[in-house]
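Welcome, and thanks for taking a look at this chain with me.

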Amino acid sequence: MRTGRLPNRTIAGVMLGAEAERVLLYLGEVEELAEEVLADKQQIVDLDLKRNQNREALRALQRDPSQSDKVMVCFGNMFIKLPRPRTKDMIEKDQEHLDEEIEKLRKQLKRKVSRLLEAQGKPELKGFNLKPLSQEEMRALNVILKG
């Protein structure tokens, strides 16, 4: 007859004790946090790729001073002729939206990486939460440095 604690969970036919279950839950939590970090990083890369394509399109609109008032724009799998100024405005608005989305994801990523490191028992990254100086702060700093 067996004495002691009874196992309380089975995985693939293996009986797990309370300690093994805690380790399994810990590993699951760390893996979930790591997947969130990787997903956010991939989303930032995808959005940045789109932002670069928009930048190329804007540059092409500026470089090509053709007489045509309208330009061909690809939306998904179809081409549409749109007025040049409207096309430029649409791309610029999309750029602003992409910039905001990327910035939001980067802020979320910082928090998620901190939580992941905390869950792994690693020290927090130093300098990871630094923010750049604003233009006003830079001007004030330049005035101070110039004397």
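The largest nonpolar core has 13 residues, and Val37, Ile44, Leu47, Leu109, Val113 and Leu116 are those with the most contacts inside it. A nonpolar core here is a set of buried Ala, Val, Leu, Ile, Met, Phe, Trp, Tyr and Cys residues joined through side-chain atoms within 4.5 Å. Buried means under 20% relative accessible area, exposed means over 50%, and partly exposed lies in between (1.4 Å probe, protein chains only). Helices α1 and α2 each supply at least two residues of this core, and the largest share, 8 residues, comes from α2. Leucine 116 touches Val30, Leu33, Ala34 and Val37, leaving out residues up to four places away in sequence; contact means heavy atoms within 4.5 Å. There is also a second, separate core of 6 residues, which includes Leu58, Leu61, Val71 and Leu82. As general background, nonpolar side chains in soluble globular proteins tend to be buried together.

A word on the source: this is a predicted model, in which local features need pLDDT of at least 70 and side-chain atom pairs count only at pLDDT 80 or more, while totals for chains, interfaces and linings use all residues. Residues are numbered from 1 along each chain as its sequence is written, and side-chain values use heavy atoms, with hydrogens and water left out.

**The chain as a whole**

The chain has 3 helices and 4 strands, and along the sequence they follow the pattern β-β-α-β-β-α-α. Helices (H or I, at least four residues) and strands (E, at least two) are DSSP runs, numbered from the N terminus. Of the 147 residues, 19% count as buried. Among the contacts in the chain with a separation of 6 or more, 51% come from residues 24 or more positions apart.

**How the two helices pack**

Two packed helices are described by the angle between their axes and the distance between the axes. Helix α1 covers residues 18-63 and helix α2 residues 84-120; they pack at an angle of about 160°, with axes 8 Å apart. That makes α1 roughly antiparallel to α2. The axes are lines fitted to C-alpha atoms, for helices over the stretch in contact, and angles run from 0 to 180 degrees between N-to-C directions. Angles over 145 degrees count as roughly antiparallel, under 35 as roughly parallel, 65 to 115 as roughly perpendicular and the rest as oblique.

What kinds of residues make up the contact of α1 with α2? They divide into 18 nonpolar, 6 polar and 17 charged. In this grouping Ala, Val, Leu, Ile, Met, Phe, Trp, Tyr, Cys and Pro count as nonpolar, Asp, Glu, Lys and Arg as charged, and the others, Gly among them, as polar.

**A charged pair between the helices**

Is aspartate 40 buried or exposed? Aspartate 40, found in helix α1, is buried, with a relative accessible area of 7%. Beyond its neighbours within four places in sequence, aspartate 40 is in contact with Leu105, Gln108, Leu109 and Lys112. Lysine 112 lies in helix α2 and also counts as buried, at 17% relative accessibility. With neighbours within four places again set aside, lysine 112 is in contact with Glu36, Val37 and Asp40.

Leucine 82 sits in strand β4 (residues 78-83) and is buried, at 9% relative accessibility. Leaving aside neighbours within four places in sequence, leucine 82 is in contact with Asp69, Lys70, Val71, Val73, Phe75, Thr87 and Met90.

Leucine 117 belongs to helix α2 and, at 13% relative accessibility, counts as buried. Leucine 125 is found in the loop between α2 and α3 (135-146), where it counts as partly exposed at 41% relative accessibility. Leucine 125 touches Val113 and Leu117, not counting residues up to four places away in sequence.

| Pair | Separation in sequence | C-alpha to C-alpha distance |
|---|---|---|
| Leucine 82 and valine 71 | 11 residues | 5.5 Å |
| Leucine 117 and valine 30 | 87 residues | 8.9 Å |
| Leucine 125 and valine 113 | 12 residues | 9.1 Å |
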